[in-house]
Amino acid sequence: MRTRTMEISVGIFILAGIIALAVLALKVSGLSLSPAKPTYKLYAQFSDLGGLSVRGRVSIAGVTVGRITDIQLDTDRMVALVEMEIDQSVDTLTVDSIASIRTEGLLGEKFIDISVGGDPEYLADGDTIIDTQSALSIERLVSNFASSLGK
Amino acid sequence: MLDSLQRLGKSGLETLSTLGRAGIFLVNGLFVVPSLRGFPLFVRQLFSVGVLSLPIIVVSALFIGMVLGLQGYNILVDYGSESAIGPMVALTLVRELGPVVTALLFAGRAGSALTAEIGLMKATEQISSMEMIGVDPMRRIVAPRLLAGFVAMPLLALIFNAVGIWGGMMVGVEWLGVYEGSFWNNMKASVDFGEDVLNGIIKSVVFGVVCTWIAVFQGYNLIPTSEGISNATTKTVVISSLAVLGLDFILTAVMFGDF
């Protein structure tokens, strides 16, 4: 009987470890068991990322619709080329949509916000968003302000 | 001058030969042919190194998580970004504190017990009498303990992480009033399963192997006197702790360092 209680407690211990792993996977790291939603790729060029990073989120009106998968330097034009994965369900982004880099709160993570325009044509897989707004740099604002004061 | 050189050489040779014996010991202990009859022995050891270590692991994890929440909040609130407390607590625990503190506690709680137990078996000549009646002590004593340690340590580290994050959430969300949604969502956004959780598990597996190996070898290798047992137990804790901290730096540099 004593070995039985011991074996049961070992079983509970192993189960607790597995549950902890599941919690870490699902709740903490946000790993999803359901198959990945179909996505399509969009590109956008920015002159200044201001700390935007891969895995950052892409949102429309504050709702997350995708994430940033790659950031590269376009060596021809010397601008940053950002690759985004957008949920297939959001397929009505117009060609004149504007992608802008925003900050969550004052010091939070940088993310890309897309505001949809009114053009009848939609962006397809692999298209590039032409209209972009780079990150708002407080340093640049201050230096612009200071130089305009000097004039 | 020559004498001190000789002493240095001698201690170097001794260290090397101990390392070599420890290596052979590990291989011998692991590569015994496993049999179903040995399984109850393994379960018994899993009970004594795993289940009996649970209380200290859970309590420490709870307090460490709560302290992380409290300290993190006090630092982050100055910058108005107290919602970053979730990622801070989770990343600290999953990447570093979970595996390392669990390994240190494991060395103190289970490692010392393993050394003392095997040491006493050796001192009371149980091991040599086992050999006499034809039972392989490697198989009967060493292998189940090694395997149980290897299995128990990652499980304990996982439980530590989960409990610690829960402690951090209790302090951050329930007590200090960080929004629960931003706590979990920021955490999910910055913790990556492969990069953070899996690397943490790899760390805890390495620490489990090292701690158990050192503990069992120290026990098997000690001088069978009461002084020898006490020395070996102390050594187990000291060497395991140093090995864990040193290895942690190397593993962190390999896993998270950018090179």
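The model is predicted; local features require pLDDT of at least 70, side-chain atom pairs count only at pLDDT 80 or more, and totals for chains, interfaces and linings use all residues. Residues are numbered from 1 along each chain as its sequence is written, while chains are lettered from A and ligands numbered from 1 in the order in which they are written.

Chain B contains nine helices and zero strands. Helices (H or I, at least four residues) and strands (E, at least two) are DSSP runs, numbered from the N terminus. The pattern along the sequence of chain B is α-α-α-α-α-α-α-α-α. The C-alpha trace of chain B spans about 70 × 55 × 35 Å along its principal axes. Chain B has 259 residues, of which 42% count as buried. A residue is buried if 20 or more other C-beta atoms lie within 10 Å of its own, exposed if 12 or fewer, and partly exposed in between, with C-beta atoms placed from the backbone. Among contacts in chain B with a separation of 6 or more, 87% come from residues 24 or more positions apart. Two residues are in contact if their C-beta atoms, placed from the backbone, lie within 7 Å.

Chain A is divided into domain 1 (1-34) and domain 2 (39-137). These bounds come from an automatic or database domain assignment. The centres of domain 1 and domain 2 of chain A, taken over C-alpha atoms, are 40 Å apart.

Helix H1 of chain A covers residues 2-28. Its 27 residues reach 37 Å from first C-alpha to last, close to the 39 Å expected at 1.5 Å a residue. The expected span is 1.5 Å times one less than the number of residues. The buried residues of H1(A) include Val10(A), Phe13(A), Ala16(A) and Leu24(A). They pack against several helices of chain B, among them H3 (54-76), H4 (85-123) and H6 (137-175). After H1(A) comes Gly30(A), with a positive phi near 65 degrees.

Eight strands of chain A form an open sheet of mixed pairing, in the order S7-S1-S4-S3-S2-S6-S5-S8. Strands S7 (127-129) and S8 (131-133) stand at the edges, each with a single partner strand, so one side of each has no neighbour in the sheet. Strands pair if DSSP finds at least two bridges between them. Strand S5 (98-103) of chain A pairs with S8(A) in the parallel sense over three bridges. Ile98(A) has Asp131(A) in S8(A) as its bridge partner.

The largest nonpolar core has 66 residues. Such a core is a set of buried Ala, Val, Leu, Ile, Met, Phe, Trp, Tyr and Cys residues joined through C-beta atoms within 7 Å. Leu156(B), Ile159(B), Cys211(B) and Val216(B) have the most contacts inside the largest core. Elements giving two or more residues to this core include H1 of chain A and H6 of chain B. H6(B) gives the most, with 18 residues. Ile159(B) touches Ala16(A), Gly17(A), Ala20(A), Ile57(B) and Val58(B), not counting residues up to four places away in sequence.

Leu146(B) counts as buried because 26 C-beta neighbours lie inside 10 Å. Beyond four places in sequence, Leu146(B) touches Gly29(B), Leu30(B), Thr212(B), Trp213(B) and Val216(B).
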